[in-house]
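Here is a short report on how parts of this chain pack together. Have the sequence and the structure open as you read.

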Amino acid sequence: MSKQELIYKQKDCLGLDIGASSVKIVQLKKKKSLTKLMGYESRELPDNLVIEGIISDHDKMVKIIREMMTETQEGKFSVEKVIASIPDKNIFTRVLELPKLAEKELKEAVMWEADQSIPMALTDLTIDFQVLGPSATKEDMNDVLLVAAPLAIVNSYVQLFERLGLQPEAIETSLVSVIRALVSNKEHDEVMLVADIGARSTNLGFYDHTLRLSDSLDIGGKAWIDLIISGLKVEKKEADKLLFSKGLKDKKIESLLQPELENLNNEMQKVIKYHDERFEKKTAKVVLCGGASNLVGLTEYLANSLGIEVKIGNPWVNIDTYPLKPVPKSEAPAFANAIGLALRSLEGA
Ligand SMILES: Nc1ncnc2c1ncn2[C@@H]1O[C@H](COP(=O)(O)OP(=O)(O)OP(=O)(O)O)[C@@H](O)[C@H]1O
Ligand SMILES: [Mg+2]
């Protein structure tokens with residue numbers, strides 16, 4: 001093994017995405033120009049184990065993740081370092097336009113902005129920031145990403161990792177990792193909206209070389225399933241199947257979901273309008289991911305109502321899965337966040 005490969009190995013981290021409905025873990029490895037899949041796993045979570053981003057029962061979560069690590073069905077997890085995400089809904093994310101300042105002054109400016117704009121005491125928050133680069137609109141300013149997470153949530157994650165014997169290398173906002181996983185080299189210069197539609201929330205992130213603006217909506221697959229269960233008087237399993245086999249092609253399902261779809265469309269339209277006006281740039285397309293983006297007919301519905309190109313992103317596209325079994329197509333977009341987190345540890349490798 002060359003010296004360089006040893007260094008790469010030390011950097012590998014697990015990408016761990018704890019969502020409202022499931023946990024996903026991915027481990028990747030850089031091998032020459034390839035990004036190789038070492039292992040992946042997804043497990044459903046019981047309802048209410050994660051409430052508003054807080055893990056309500058650590059014993060249960062430890063047991064589930066431990067099982068995922070030891071009884072891995074696809075590949076093997078061989079590192080103890082982990083990069084995890086906190087749901088965007090529970091994080092304050094702002095892209096600030098600040099003058100090009102020295103580190104100390106920059107920190108003061110960021111803290112001042114945080115104090116002004118976040119409705120929580122700074123002492124109850126973990127605050128971090130990152131200079132994204134020159135501002136999209138003003139040349140002499142920088143765009144600075146401010147991320148603040150409630151200490152209660154961060155601590156609950158740190159405690160979980162301690163119990164699992166994992167070392168947290170970083171905890172990042174999920175939209176940053178989703179963008180990392182989904183924006184292909186070909187799309188590098190495009191302005192687009194990435195929408196992660198999960199079980200309980202939809203996270204929206206505008207990409208223009210980096211994350212420029214984000215929003216989080218209380219919209220997701222769980223409510224859609226509940227509408228089908230009560231509207232068609234079917235069990236959850238059957239509702240699941242109907243949504244993701246017939247979906248909006250079925251007139252009854254379409255009419256039951258109509259208010260939810262309109263809500264999603266209206267919220268997306270509003271935020272696209274705001275983005276395009278504020279940054280004086282037109283959002284060229286929408287890239288969907290997350291489990292609920294599998295709803296049959298959703299891309300067509302949104303493309304029609306928003307009037308722009310909408311597609312489902314494939315976070316696996318640049319990953320060499322051989323000799324492991326590729327993820328089934330319907331599960332592929334739900335892994336975007338975990339893949340993006342694992343990819344972060346390979347950056348610069
Ligand atoms: N093929 C499928 N069959 C059944 N359900 C699916 C399928 N694909 C996705 N779903 C739905 O996707 C949702 C889960 O998506 P995902 O794993 O992205 O959510 P999460 O990350 O757990 O939640 P959140 O992001 O809101 O915290 C569930 O509501 C589930 O019903
Ligand atoms: Mg999710």
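Asn 265 touches Tyr 301, Leu 302, Ser 305 and Leu 306, leaving aside its neighbours within four places in sequence. Asn 265 sits in helix 8. At 7% relative accessibility, Asn 265 counts as buried. This is a predicted model, and every value below is computed from it.

**Helix 8 against helix 9**

Helix 8 spans residues 251-279 and helix 9 spans residues 298-306. Their axes come within 10 Å and cross at roughly 50°. An angle between 35 and 65 degrees falls in the oblique class, so helix 8 and helix 9 are oblique to each other. The crossing of helix 8 past helix 9 is right-handed.

Which residues make the contact? From helix 8 come Gln 258, Leu 261, Glu 262, Leu 264, Asn 265, Met 268, Gln 269 and Ile 272. Helix 9 supplies Leu 298, Tyr 301, Leu 302, Ser 305 and Leu 306. By type, the contact of helix 8 with helix 9 has eight nonpolar residues, four polar and one charged.

**Helix 6 against helix 7**

Helix 6 (residues 221-232) packs on helix 7 (residues 236-245) at an angle of about 110°, with the axes 9 Å apart. Helix 6 is therefore roughly perpendicular to helix 7. Helix 6 also passes helix 7 in a right-handed crossing.

On the helix 6 side, the residues are Trp 224, Ile 225, Ile 228, Ile 229 and Leu 232. On the helix 7 side, they are Lys 236, Ala 239, Asp 240, Leu 242, Leu 243 and Phe 244. The contact of helix 6 with helix 7 divides into nine nonpolar residues, no polar and two charged.

**Helix 5**

Is helix 5 largely enclosed or largely open? Eight of the nine residues of helix 5 (residues 174-182) are buried, so the helix is largely enclosed by the rest of the structure. The buried residues are Ser 174, Leu 175, Val 176, Ser 177, Val 178, Ile 179, Ala 181 and Leu 182.

**Aromatic pairs**

The structure holds four aromatic pairs. One of them joins Tyr 40 and Phe 335: the ring centres are 5.8 Å apart and the planes stand at 90°, so the pair is edge-to-face. Tyr 40 lies in strand 3 (residues 34-44). Phe 335 lies in the loop between strand 17 (319-320) and helix 10 (336-344). The pair therefore ties together parts that are 295 residues apart in sequence. Tyr 40 is buried, with a relative accessible area of 7%. Phe 335 is buried too, at 2%.

Tyr 157 and Phe 161 also form an edge-to-face pair, 6.3 Å centre to centre with 70° between the planes. Tyr 157 and Phe 161 are four residues apart in helix 4 (residues 151-164), so about one helical turn separates them. Tyr 157 is buried, with a relative accessible area of 0%. The value for Phe 161 is 0% as well, and Phe 161 is buried.

Tyr 40 and Phe 335 also belong to a cluster. Together with Trp 316, they form one aromatic cluster.

Thr 321 is in the loop between strand 17 and helix 10. Thr 321 is buried, with a relative accessible area of 17%. Leaving aside neighbours within four places in sequence, Thr 321 is in contact with Leu 37, Trp 316 and Pro 326. Trp 316 is a member of the aromatic cluster with Tyr 40 and Phe 335.

Glu 331 is found in the loop between strand 17 and helix 10. Is Glu 331 buried or partly exposed? At 39% relative accessibility, Glu 331 counts as partly exposed.

Asn 155 is found in helix 4. Asn 155 is partly exposed, with a relative accessible area of 38%.

Key:
Residues numbered from 1 in each chain as written. Chains lettered and ligands numbered in written order. Predicted model: local features only at pLDDT ≥ 70, side-chain atom pairs only at ≥ 80, totals over all residues. Heavy atoms only, no water. Buried < 20%, exposed > 50% of the residue type's maximum accessible area, 1.4 Å probe, protein only. Helix = DSSP H or I, 4+ residues; strand = E, 2+ residues; numbered from the N terminus. Phe/Tyr/Trp six-rings, centres within 6.5 Å; stacked < 30°, edge-to-face > 60°. Axes fitted to C-alpha atoms, helices over the stretch in contact; angles between N-to-C directions. Parallel < 35°, antiparallel > 145°, perpendicular 65-115°, else oblique. Left-handed = near helix turned anticlockwise from the far one by under 90°. Contact = heavy atoms within 4.5 Å. Nonpolar A, V, L, I, M, F, W, Y, C, P; charged D, E, K, R; others polar.
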